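Hello,

Here is the structure for you to take over. Please open it first, then read my notes below.

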Amino acid sequence: ESDAGDYTCVCGDEQSTASLAVHALPVLFKEELKSEEAHEGASVTLSCGLTKEAPVQWKIGPKVLKTSDKYQMRQSGTTAELTIHDLEVEDA
């Protein structure tokens, strides 16, 4: 999108100008989340892959998760990860 704008070709006193519009592609999941099973007290990491770099938000039901001692979120390029520490039965 940052390449959009007016481009001009100049030759001596003559010039020609054209506008370039760049339409962003939607962000899609190229790697979906996979269901996991883990033991109480353990940690588990969930990850997903996107078609391009974009911010993600992690939720459990309608509740948005925030980084804490329990929830660790990491994003590297197009891969997003959520690690849940000290699992409890209620985390299912």
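I start with Val22. Val22 sits in the loop between β2 (14-20) and β3. Strands here are DSSP runs (E, at least two residues), as helices are (H or I, at least four), numbered from the N terminus. Val22 counts as partly exposed because its relative accessibility is 36%. The cut-offs are these: buried means under 20% relative accessible area, exposed means over 50%, and partly exposed lies in between (1.4 Å probe, protein chains only).

Before going on, two notes on the source. This is a predicted model, where local features need pLDDT of at least 70, side-chain atom pairs count only at pLDDT 80 or more, and totals for chains, interfaces and linings use all residues. Residues are numbered from 1 along each chain as its sequence is written, and side-chain values use heavy atoms, with hydrogens and water left out.

Surface patches

Val22 belongs to a nonpolar surface patch with Tyr7 and Leu20. Together they have about 270 Å² of accessible area. Areas come from the Shrake-Rupley method with a 1.4 Å probe, and for residues only the protein chains shown count as cover. Patch members have over 30% relative accessible area and no salt bridge; like charges are joined within 9 Å, and nonpolar side chains (Val, Leu, Ile, Met, Phe, Trp, Tyr) within 5 Å.

There is also a negative patch: Glu40, Asp69, Asp86, Glu88 and Glu90. Asp and Glu count as negative, Lys and Arg as positive; His and the chain ends are not counted. A charge is placed at NZ of Lys, CZ of Arg, CG of Asp or CD of Glu.

Asp86 is in the segment after β8. Asp86 is exposed, with a relative accessible area of 54%. Its phi is near 50 degrees, a positive value in a residue other than glycine. Glu90 also lies in the segment after β8 (79-84). Glu90 is exposed too, at 62%.

Salt bridges

How many salt bridges does a search of the whole structure find? Two. The term means a side-chain nitrogen of Lys or Arg within 4 Å of a carboxyl oxygen of Asp or Glu. Side chains of opposite charge can pair when their charged atoms come close.

One joins Lys70 and Asp91 at 2.8 Å, N to O. This pair links distant parts of the chain, 21 residues apart: Lys70 is in the loop between β6 and β7, and Asp91 is in the segment after β8. Lys70 counts as buried because its relative accessibility is 19%. Asp91 is buried as well, at 17%. Leaving aside neighbours within four places in sequence, Lys70 has several contacts, including Thr83, Asp86, Glu88 and Asp91. Contact means heavy atoms within 4.5 Å.

Glu81 and Arg74 form a salt bridge at 3.3 Å, N to O. Glu81 is partly exposed, at 23%. Arg74 is partly exposed, at 48%.

Two more residues

Ala38 is in the loop between β3 (29-31) and β4 (44-50). Ala38 is partly exposed, at 43% relative accessibility. Beyond four places in sequence, Ala38 touches Val44 and Leu87. The C-alpha atoms of Ala38 and Lys59 are 19 Å apart.

Val64 is in strand β6. What does Val64 touch, not counting residues up to four places away in sequence? Gln57, Trp58 and Lys59. Val64 is partly exposed, at 29%.

Best wishes
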